Amino acid sequence: MTLTLYGIPNCDTVKKARVWLDQHGVAVVFHDYKKAGIDRPRLEAWVAEHGWETVLNRAGTTFRALPDADKADLDAGKAVGLMMAQPSMIKRPVLDLGDRTVVGFKPERYEAILA
């Protein structure tokens, strides 16, 4: 089975994850969701698995630049809509293991999961 890493290539955290995966001999297909987009069912599955609060990157400049009305009264549906419109609001990277996903990158977590 091939693993898929979702993210944006110029993101520092995605770069770190890609280097770690390469150094540990873990083959992945990279999906640039800034260029290729993301399909709604996949994004909704991530939100169902982790919660919109985890998947939506509220610390990023794209989210912070939104009008206050767009940031108000967030729920899963509104968060998915924002992320569909601007995929750079999706927390990065998302590693698809086939049976589950991992949101974000921490070397020790990847080590525990992929060892």
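The crossing of helix 1 and helix 7 is right-handed; a crossing counts as right-handed if the near helix is turned clockwise from the far one by less than a right angle, and as left-handed if anticlockwise. The structure is a predicted model, in which local features need pLDDT of at least 70 and side-chain atom pairs count only at pLDDT 80 or more, whereas totals for chains, interfaces and linings use all residues. Residues are numbered from 1 along each chain as its sequence is written, and side-chain values use heavy atoms, with hydrogens and water left out.

Helices are DSSP runs of H or I with at least four residues, strands are runs of E with at least two, and both are numbered from the N terminus. Axes are lines fitted to C-alpha atoms, for helices over the stretch in contact, and angles run from 0 to 180 degrees between N-to-C directions. On the helix 1 side, Ala17, Trp20 and Leu21 meet Pro107, Tyr110, Glu111 and Leu114 of helix 7. By class, this contact of helix 1 with helix 7 has six nonpolar residues, no polar residues and one charged residue. Ala, Val, Leu, Ile, Met, Phe, Trp, Tyr, Cys and Pro count as nonpolar, Asp, Glu, Lys and Arg as charged, and the others, Gly among them, as polar. Lys16, also in helix 1, is exposed, with a relative accessible area of 52%. Exposed means over 50% relative accessible area, buried under 20% and partly exposed in between, with a 1.4 Å probe and protein chains only. The C-alpha atoms of Lys16 and Phe105 are separated by 7.9 Å, although the two residues are 89 apart along the chain.

Four strands form an open sheet of mixed pairing, in the order 2-1-3-4. Strand 2 and strand 4 (101-103) are the edge strands, each pairing on one side only. Two strands pair if DSSP finds at least two bridges between them. The twist from one strand to the next averages 20°. Strand 1 and strand 2 (residues 28-32) pair in the parallel sense over five bridges, and Leu3 stands opposite Val28 in strand 2. Strand 1 and strand 3 (residues 94-96) pair in the antiparallel sense over three bridges, with Thr4 opposite Asp96 in strand 3. Helix 2 (residues 40-50) packs on the sheet, where it touches strand 1, strand 3 and strand 4, and its direction makes about 75° with that of strand 4. Helix 7 also packs on the sheet, touching strand 1, strand 3 and strand 4, and its direction makes about 170° with that of strand 4.

Five of the five residues of strand 1 (residues 3-7) are buried, so this strand is largely enclosed by the rest of the structure. In a regular strand the side chains alternate between the two faces of the sheet. In strand 1, Leu3, Leu5 and Gly7 are buried on one side, and Thr4 and Tyr6 on the other. Thr4 has a relative accessibility of 17% and counts as buried. Leaving aside neighbours within four places in sequence, Thr4 is in contact (heavy atoms within 4.5 Å) with Val29, His31, Val94, Leu95 and Asp96.

The axes of helix 2 and helix 6 come within 10 Å and cross at roughly 135°. Helix 2 and helix 6 are therefore oblique to each other, and the crossing is right-handed. Arg40, Leu43, Glu44 and Val47 of helix 2 make the contact with Ala76, Val80, Gly81, Met83 and Met84 of helix 6. By class, it has six nonpolar, one polar and two charged residues. Ala76, found in helix 6 (residues 76-85), counts as partly exposed at 32% relative accessibility. Not counting residues up to four places away in sequence, Ala76 touches Val47 and Trp52.

Most residues other than glycine have a negative phi, and most peptide bonds are trans. Asp73 counts as exposed at 71% relative accessibility.

Definitions and conventions. Parallel < 35°, antiparallel > 145°, perpendicular 65-115°, else oblique.
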